[in-house]
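Reader: I would like to understand how the words used for a protein model are tied to numbers. Could you take me through some of them with care?

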Amino acid sequence: MFTEEDMLHIALLNYARSIGLFVIHQQNEGRRTRSEAIYHKKMGGIRGASDLIILNARCGYDSLFMELKTSKDKVFKKDEKLKKSDTLTHQMNFIKKGYKHNIIGCFCWSFDMGKEILDAYKNNDKSHLEKVAQVNIYG
């Protein structure tokens, strides 16, 4: 019923809430018919929107975007460059747009990594946050 990515999502969502962060999720997964895609866009849906959006201001940022994957290999090639994928391109562009609005964003591929990112963000540890979130995607 739940995929591995769903389970990671649920676990990190619950963890973020348990440490007092205000977190939301925009339903953005799956294929849509043309009419569903039009409806989604008119209702404010944004292609590539991150899985988790933390609305608390911390570490000098106004928010945190977290795009969840079950493996680093699903995002990056061995040379650390983004894999070619329409979906990944939209997700990266969403994160890059966030930087223009003082929002930090990252890809996350394990519960431990996500917990470390959330803890650093919650504790206002900017240097550790930027290290663990691998903020090399400024664009």
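**Words and their cut-offs**

Author: Lys 83 has its place in the loop between strand 3 and helix 3, where helices (H or I, at least four residues) and strands (E, at least two) are DSSP runs numbered from the N terminus. This is a predicted model, in which local features need pLDDT of at least 70 and side-chain atom pairs count only at pLDDT 80 or more, while totals for chains, interfaces and linings use all residues. Residues are numbered from 1 along each chain as its sequence is written, and side-chain values use heavy atoms, with hydrogens and water left out.

Reader: Why is Lys 83 called partly exposed?

Author: Buried means under 20% relative accessible area, exposed means over 50%, and partly exposed is in between (1.4 Å probe, protein chains only). Lys 83 has a relative accessible area of 32%, and therefore it is partly exposed.

Reader: What makes Lys 83 a residue that touches Asp 73?

Author: Contact means heavy atoms within 4.5 Å, and, not counting residues up to four places away in sequence, Lys 83 touches Asp 73, Lys 74, Val 75, Phe 76, Lys 77 and Leu 88. From C-alpha to C-alpha, Lys 83 and Asp 73 are 8.7 Å apart in space, and they are 10 residues apart in sequence.

Reader: What makes a set of residues a nonpolar core?

Author: A nonpolar core is a set of buried Ala, Val, Leu, Ile, Met, Phe, Trp, Tyr and Cys residues joined through side-chain atoms within 4.5 Å. The largest nonpolar core here has 34 residues, and those with the most contacts inside it are Leu 64, Met 66, Ile 117, Leu 118 and Tyr 121. Apart from it lies another core, of five residues, among them Ala 49, Ile 53, Phe 65 and Phe 94.

Reader: What is Met 66 in contact with, leaving aside its neighbours within four places in sequence?

Author: The contacts of Met 66 beyond those neighbours include Leu 12, Leu 52, Cys 106, Ile 117 and Leu 118.
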